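Good morning, and thank you for coming. I would like to walk you through one structure today. Please keep it in view while I speak.

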Amino acid sequence: MSIENVRAYFQQFGIADRIREFEVSSATVELAAVAVGVEGARIAKSLSFKVEDKPIIIVVAGDAKIDNSKYKAQFHTKAKMLTHEEAHSLIGHDVGGVCSFALPEDVKVYLDVSLKRFETVFPAAGSDNSAIELACGELEKYSSNFQEWVDVCKAWQ
């Protein structure tokens with residue numbers, strides 16, 4: 001199970017006990033906001049794409065949407081999201097629990113600046129009923145294969 005991989009990954013940092021599991025689904029921004037008890041914008045949604053046949057994850061604020069022109073300027077290709085099957089096989093997390101933790105080495109992680117307006121955000125922790133509260137600096141520190149902060153979103157400003 002993916003959440004177990006994330007829990008094991010977090011053990012090395014001493015933060016595994018910060019994972020919150022819910023009785024209800026947190027698979028969408030709206031559901032996660034209700035489960036956690038915060039505004040949807042503070043849910044850090046992890047979006048998975050393919051760039052040059054390699055999977056990447058971009059973590060964005062819950063109220064942000066990918067801006068195709070900014071995405072293309074950053075990654076030099078059109079935004080093409082992974083299918084549910086690709087997410088499972090290439091990233092190791094199922095849709096609804098995709099996160100930037102405990103990833104294969106070839107999955108690069110980018111964090112969008114839309115997150116930086118919050119003191120803390122709530123990304124999933126590998127399942128469709130989990131989250132962990134992290135400051136943006138912690139999200140950067142604990143994300144597997146972190147590359148850089150990017151500005152590829154719209155609709156949040």
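**Backbone, core and rings**

I begin with Asn145, which counts as partly exposed because its relative accessibility is 25%; partly exposed is the range between buried, under 20% relative accessible area, and exposed, over 50%, with a 1.4 Å probe and protein chains only. The phi of Asn145 is near 55°, a positive value in a residue other than glycine. Asn145 is found in the loop between H5 and S9; helices (H or I, at least four residues) and strands (E, at least two) are DSSP runs, numbered from the N terminus.

Before going further, a word on the source: this is a predicted model, in which local features need pLDDT of at least 70 and side-chain atom pairs count only at pLDDT 80 or more, while totals for chains, interfaces and linings use all residues. Residues are numbered from 1 along each chain as its sequence is written, and side-chain values use heavy atoms, with hydrogens and water left out.

Ala102 also has a phi near 55°, again a positive value in a residue other than glycine. Ala102 belongs to the loop between H4 and S5 and, at 23% relative accessibility, counts as partly exposed.

Let us turn to the interior. In soluble globular proteins, nonpolar side chains tend to be buried together. Here, the largest nonpolar core has 47 residues; such a core is a set of buried Ala, Val, Leu, Ile, Met, Phe, Trp, Tyr and Cys residues joined through side-chain atoms within 4.5 Å. The residues with the most contacts inside this core are Phe10, Ile58, Phe101 and Leu115. At least two core residues each come from helix H1 (2–11), strand S2 (43–51), strand S3 (54–61), helix H3 (68–75), strand S5 (108–112), helix H5 (136–142) and strand S9 (146–150). S3 gives the largest share of this core, six residues. Apart from this core lies another one, of ten residues, including Val29, Ala33, Ala35 and Val36.

Leaving aside its neighbours within four places in sequence, Ile58 is in contact (heavy atoms within 4.5 Å) with Lys45, Ser46, Leu47, Phe49, Tyr71, Phe75, Tyr110, Asp112, Val150 and Val152.

Next, the aromatic rings. How many aromatic pairs are there? The count comes to eight, where rings of Phe, Tyr and Trp (its six-membered ring) pair if their centres lie within 6.5 Å, and planes under 30 degrees apart count as stacked, over 60 as edge-to-face and the rest as tilted. Phe13 and Tyr142 form a tilted pair, 4.8 Å centre to centre, with 50° between the planes. Phe13 lies in the loop between H1 and strand S1 (20–21) and Tyr142 in helix H5, so this pair ties together parts that are 129 residues apart in sequence. Phe13 is partly exposed at 30% relative accessibility, whereas Tyr142 is buried, at 6%.

Tyr71 and Phe75 form another tilted pair, at 4.9 Å and 45°. Both lie in helix H3, four residues apart, about one turn of the helix. Tyr71 is buried at 0% relative accessible area, and Phe75 is buried at 8%. Ring pairs also link Tyr9, Phe10, Phe13, Phe101 and Tyr142 into a cluster.

Finally, the cysteines. The structure holds zero disulfides, a disulfide being a pair of cysteine sulfur atoms within 2.5 Å.
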